[in-house]
Each structure stands twice: as C-alpha cells, then as structure tokens.
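Visitor: I would like to learn how to read a structure like this one. Could we go through it feature by feature?

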Amino acid sequence: MHLVADLCTVPLSQDVAVWEAPAEPLHFTPTQLKVLRCVRSGLLNKQIAYELGMAEATVKVHMTALMRKLNVRNRTQVAIAAGRLARA
C-alpha cells in the first residue's frame, strides 16, 4: 500500500478547489507570516513553536487568526492558500 499514491487520488473538496484570494488585501502580522511560512513547509504546531521560540498555544492562536483571515477551516487549507498567495 502506497499512502502517498492513495492521497494523490483523493479529490479535493469543492471549497478548497475553488478558493480565491479575497477582494480586499490581506494584512498579516510579522509573526503570522512566519507561522504561515512554517505551515506551508509542512511543520506541525510543536515544530513551529520550537522554530519560532514560542509556546505551542501561541502558535494555535496564530493559526486561528490565519484561518479567519484566509476564510478557511483547517491547516491544510491554510497551506494551500499560502501557496496560492505566494504565487499571486
């Protein structure tokens, strides 16, 4: 069984597939940008906390703020949105 191959065949949900950048420009704090880069790199909250020298609970607060600003529901969608914003 190849887990990666199996994951590649799972269709994206509609709300992820059609995500568009908001009409208004997004404003992130410097720390939110650092967390966003780490999430895009695939790091876990615990790893992000270690890398940025903060508590894991603080990372969760930043993740919640990022999800609100990006209008997404989970960290995978945050990573996808971050990739799209980086290309925009």
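Predicted model: local features only at pLDDT ≥ 70, side-chain atom pairs only at ≥ 80, totals over all residues.

Visitor: How many residues does α6 have, and how far does α6 reach?

Guide: α6 has 13 residues. From its first C-alpha to its last it reaches 19 Å, close to the 18 Å expected at 1.5 Å a residue.

Visitor: What caps the N-terminal end of α6?

Guide: The cap is N74, which has a side-chain oxygen 3.1 Å from the backbone nitrogen of T76.

Visitor: Which elements make up the whole chain?

Guide: The chain has 6 helices and 0 strands. Read from the N terminus, the order is α-α-α-α-α-α. Of the 88 residues, 27% are buried. The accessible surface is about 6400 Å², and carbon and sulfur atoms account for 58% of that surface.

Visitor: How should I read a list of buried residues in a helix?

Guide: Begin with the general idea. An α-helix has 3.6 residues a turn, so residues three or four places apart point the same way. Now take the case of α3, residues 30–40, where Q32, V35, L36, C38 and V39 are buried. Seen down the axis of α3, these buried residues fall within an arc of 165 degrees, so they line one face of the helix.

Visitor: Which exposed residues sit on the face of α3 turned away from the buried side?

Guide: P30 and R37 are the exposed residues carried there. As for the buried residues of α3, their cover includes α4 (45–52), α5 (56–70) and α6 (75–87).

Visitor: Which residues are buried in α4?

Guide: They are N45, I48 and A49. Down the axis of α4 the buried residues fall within an arc of 100 degrees, so they too line one face of their helix. On the other side of α4, the residues K46, Y50 and E51 are exposed. The cover over the buried residues of α4 includes α3, α5 and α6.

Visitor: Which residues touch the most other members of the largest nonpolar core?

Guide: That core has 16 residues, and L36, M63, L70 and V78 touch the most other members. Two or more residues come from each of α3, α4, α5 and α6. The most come from α5, which gives 5 residues.

Visitor: What does L36 touch, if residues up to four places away in sequence are not counted?

Guide: L36 touches F28, L66, L70, V78 and A82. Let us follow that last partner.

Visitor: Where does A82 lie, and is A82 buried or exposed?

Guide: A82 lies in helix α6. Its relative accessible area is 7%, so A82 is buried, the cut-off being under 20%. Apart from neighbours within four places in sequence, A82 is in contact with L36 and R40.

Visitor: How do I compare distance in sequence with distance in space?

Guide: Take a pair and look up both values. A82 and V39 are 43 residues apart in sequence, and their C-alpha atoms are 8.4 Å apart in space. For the chain, take the contacts between residues at least 6 apart in sequence: 63% of them join residues at least 24 apart.

Visitor: Why does Q32 count as buried?

Guide: Q32 counts as buried because its relative accessibility is 6%. Q32 belongs to helix α3. The side chains of Q32 and K69 are joined by a polar contact of 2.8 Å. Setting aside neighbours within four places in sequence, Q32 is in contact with H27, H62, A65, L66 and K69.

Visitor: What should I look for in the phi angles?

Guide: Again, the general idea comes before the case. Most residues other than glycine have a negative phi. In this chain, N71 is a residue other than glycine with a positive phi, near 55 degrees. N71 is placed in the loop between α5 and α6. With a relative accessible area of 68%, N71 is exposed.

Terms used:
Residues numbered from 1 in each chain as written. Heavy atoms only, no water. Buried < 20%, exposed > 50% of the residue type's maximum accessible area, 1.4 Å probe, protein only. Helix = DSSP H or I, 4+ residues; strand = E, 2+ residues; numbered from the N terminus. Arc of directions from axis to C-beta. Contact = heavy atoms within 4.5 Å. Core = buried A, V, L, I, M, F, W, Y, C linked by side-chain atoms within 4.5 Å. Polar contact = N/O pair within 3.5 Å; in protein donor to acceptor, adjacent residues only side chain to side chain. Areas by Shrake-Rupley, 256 points an atom, 1.4 Å probe, with all protein chains shown as cover. Expected span 1.5 Å × (residues − 1).
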